Structure formats: structure tokens, C-alpha cells
Amino acid sequence: MTEKFDGNFTQQEPIPEEAIQAAVEVMRSGRLHRYNVAPGELGETALLEREFARAVGAKYCLAVASGGYALATALRALGVGPGDAVLSNAFTLAPVPGAIAGLGAVPVLVEVTERLVIDLDDLQRRIADSGARVLLLSHMRGHICDMDALMAICDAAGVRVVEDCAHTMGAFWRATPSGRHGVIGCYSTQTYKHLNSGEGGLLVTDDAEAMARAVMLSGSYMLYGRHAAAPPGEVFDRIKYDTPNISGRMDNLRAAILRVQLRTLAQRCADWNARYRVVEDGLRGVAGIELIERAREETYVGSSIQFRLSGRSGKDIGAFVARCAARGVELKWFGGAEPVGFTSRYDSWRYFESPRMARTEAALAGLVDMRLPLTFSLDDCALIARIIASEAARPPAA
Ligand SMILES: *Cc1c(COP(=O)(O)O)cnc(C)c1O
């Protein structure tokens, strides 16, 4: 009998009842705007910022409207402006180069390795060639590069690092949370990430002036005193007249449901990893399937899994993906010629010039990606792995 899977790869868990209650309270109060608080009261958004800052060990935190907005705000807060070169890894999601281009700045892409992390030798070359002073490092699909080596290179070259942690909220490199190596860490709370508020983003830093600018940029007017994880007023006094308001605040409704979810983030990360391990174990040793090795120092969150089909033509891989789809297993092939769904290939971003990225193309050519929503059981994951393994074992089509 041919096994089939009938789960849904984009079905998230429901919002917890307690979070729904918290959201209802906010709606009953009518005070959805983050600054609409009684004197001395801390609203849900300010409380979320305080709690998230504590969770990652940051001095300051700002909640905003989306992950992409957090990235753009981080760059602006560091003074990136029109014409400035900003480095980023070539394998990432569209909002990353978009955040750079949105400022009128110029993305300078850096190759990625077969382990799907930034190529540190290429990074050094591109720092030298471009003169860029900022790296927007995307931990794409949760793969974390050697952060010690990366920070040593960037510190020596005077390059400031902004981390895109859309896929690494809850992850670590050694004992340091992802997002806490560079000067600013950015997270997304969009539905498909590790916390779910539909849309939303978080930005953390220990840099008082960068945070004061980010708060003003996000649209605080002169109400920044109502934050609980922002620097003191005198820091704002230095920047408040020359920082524009580019509204992108979070609201209390979304913050309320995030606060409840944040309390169980570590458990949810463990649940993702349990699923990841079942799929990985099921694919290990299967002929033609190459798993992506991970560094020992990396504590990742397996909310998605990637593997490579080795020694297959594009046509074969396309046929493999189609056969898996016919059996209910939804895979994304990063080597496909045309962008589909969420785009992650540098050559589909044609609004800026980039040289060919030969190493990145080779890394993506046979690369397949699969989401692992928490609505899947461990048995579901074992079934999915069996389907993938059996389809990978079929000989290439004539
Ligand atoms: C989702 C995502 C973002 C941005 O998130 P939004 O909240 O959707 O703007 C940034 N980087 C990566 C790698 C992402 O997957």
C-alpha cells in the first residue's frame, strides 16, 4: 500500500485560550493603541518589551509592526541611508534585501556555503571591496554560522552586525541567544515564525542611542517615557529632534497574545526539535539524500528542515517534489528556476545588481525545504520521512 499524508503544512496551532482571554480584555478596555494607558500604567506592548528583553538578556526591546519593519528600523537606527552599501547573505527571504533597498541603500550579497550559512572568506572579500559598514546577517532557515569567527571578522573591520532572527527566536550559539551577538537583533512574530501574532516584530539591543532612535522611528512621538525597556530620557533628548517618525508600532492586542505565548517558547522550541529529529532520523542514511550538518555550538530550533538531493538533475528533483506532493508531502525546492510562494533566491530580486553567486547557486541547486508545524504529531513526522525516503529511492525518470 502506498502511504499518504493528509496534514496541512501551513496549519499552525490555535492561539492559547489564555491568550484569547488576554486579547478580549484589551478589546473590552478599548485601549488598543500602545500609548493609550492610564497614568503610570504599563500597557501590554510595554510589558511584552520588558519580558522579551529579559528572555534574551537584552537591555532594551522595541515591539513593531513586522519583522521586515524591525530590520529597516535597525538599519536606520544605525544611520544607514541612501546609497550606502549593506552586506547580507545571498540565501535569505525577500524582506531582507527589501529592507535594505527600501532605505535607498544597496544590498551587497555574500555567498553561502553548503551548510547554508554565510561564507566567511567571501564576507571578508566583500567587506574589503564594498567598504560596507553594516552586515544584515540572516540566520536563514535557522542555520547559524560560526558567530565567534563572524564577529571577530566584523569587529576587526569596523562592520556592525544586525541579526535577522526570523527563524532563530529561541536558538543559541554556544550560550548566547541568537540576536545577541550583533549590535541589534530582529525577530518576526508573523504567523509562520516562532511566536504568532499574525504580523509583528521585535528588536533588541544594548545600545542606548540605537534603541532611542528605533523607538522614535517607530512612532513614539514624545511619549517614549511610556516604555519599560527603553533608555532613559536624556538619551532621547540627544536624538529627538533629528529622528523622523516612520510609524510602525505594535498594538496592545497583538502584544497581549504574544506575552502569553512567550512563556512557553522554550517548550515549543523543544517540541519543534522533537519533530525535526524524527524526520532527520528517518532520512539519515537514505541513498541520494544529504542532510545539512549543524555545528556542535548551535542550539537550533527545527521549525523547518532542509536536505539536499545529491546527483540528480533539475528535472529529477522537480519530479521528486511532485511525487511527494501527490502523497501529501509539501516540499519547497530552492533550486527551481522560477520563484514560487515565498521567494528566497537572490536572482529573483532584480531591483539591484548582484554578480553571480556561484557557490550559493551550488548550495541551493539540490536543496529542498519542508516546514514542520507543531500541529504535526511525531507519528506524522515519521510517516512524512518514510514518504520522502521511498520517493528518493525511486530511479530517475527516463
Ligand atoms: C519572515 C521573515 C522576515 C520578515 O518577517 P515579516 O514579519 O514577515 O516582515 C525576515 N527574514 C526572514 C528570513 C523571514 O523568514
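These notebook entries record what I looked up about the ligand site, a pocket and the cavities of this structure.

**Entry 1: the model.** I note at the outset that the model is predicted.

**Entry 2: the ligand shell.** I first asked how many residues surround the ligand. The shell holds 15 residues, and Gly68, Asp164, His167, Ser188 and Lys193 are the closest. I then sorted the shell by class and found 8 polar, 5 nonpolar and 2 charged residues.

Entry 3: I looked up which atoms of the protein face the oxygen and nitrogen atoms of the ligand. For Asp164, a polar side-chain atom lies 2.7 Å from a nitrogen atom of the ligand. For Ser188, an N or O atom in the side chain is 2.7 Å from an oxygen atom of the ligand. Gly67 takes part through its backbone, where an N or O atom lies 2.8 Å from an oxygen atom of the ligand. I next checked how much of the ligand is covered: taken alone it exposes 370 Å², and the protein buries 92% of that area. Helix H3 (67-77) and helix H4 (95-102) are the elements that give two or more residues to the shell.

**Entry 4: the second largest pocket.** I recorded a space of about 270 Å³ for the second largest pocket. Its lining has 18 residues, and those nearest the centre are Ala55, Val56, Gly170, Leu262 and Leu265. Which elements give two or more residues to this lining? They are helix H2 (44-56), helix H9 (252-262) and helix H10 (265-283). H2 supplies the largest share, with 4 residues. By class, I found 12 nonpolar, 3 polar and 3 charged residues in the lining. I also looked up the domains: domain 1 (17-262) and domain 2 (265-392) each give at least three residues to the lining of this pocket.

Entry 5: Rolling a probe the size of a water molecule over the atoms shows where empty space is left. I found 2 cavities of 30 Å³ or more in the structure. The largest cavity has a volume of about 40 Å³. I listed the residues that line the largest cavity: Asn89, Leu116, Val117, Ile118, Leu137, Ser138, His139, Met140, His143 and Cys145.

Methods
Residues numbered from 1 in each chain as written. Predicted model: local features only at pLDDT ≥ 70, side-chain atom pairs only at ≥ 80, totals over all residues. Heavy atoms only, no water. Near = heavy atom within 4 Å. Polar contact = N/O pair within 3.5 Å; in protein donor to acceptor, adjacent residues only side chain to side chain. Areas by Shrake-Rupley, 256 points an atom, 1.4 Å probe, with all protein chains shown as cover. Nonpolar A, V, L, I, M, F, W, Y, C, P; charged D, E, K, R; others polar. 1 Å grid on protein atoms, 1.4 Å probe; cavity = no way out; pocket = protein on both sides within 12 Å on 5 of 7 lines; lining within 4 Å. Points joined across faces, edges and corners; volume = space filled by probe spheres on them. Domains from an automatic or database assignment.
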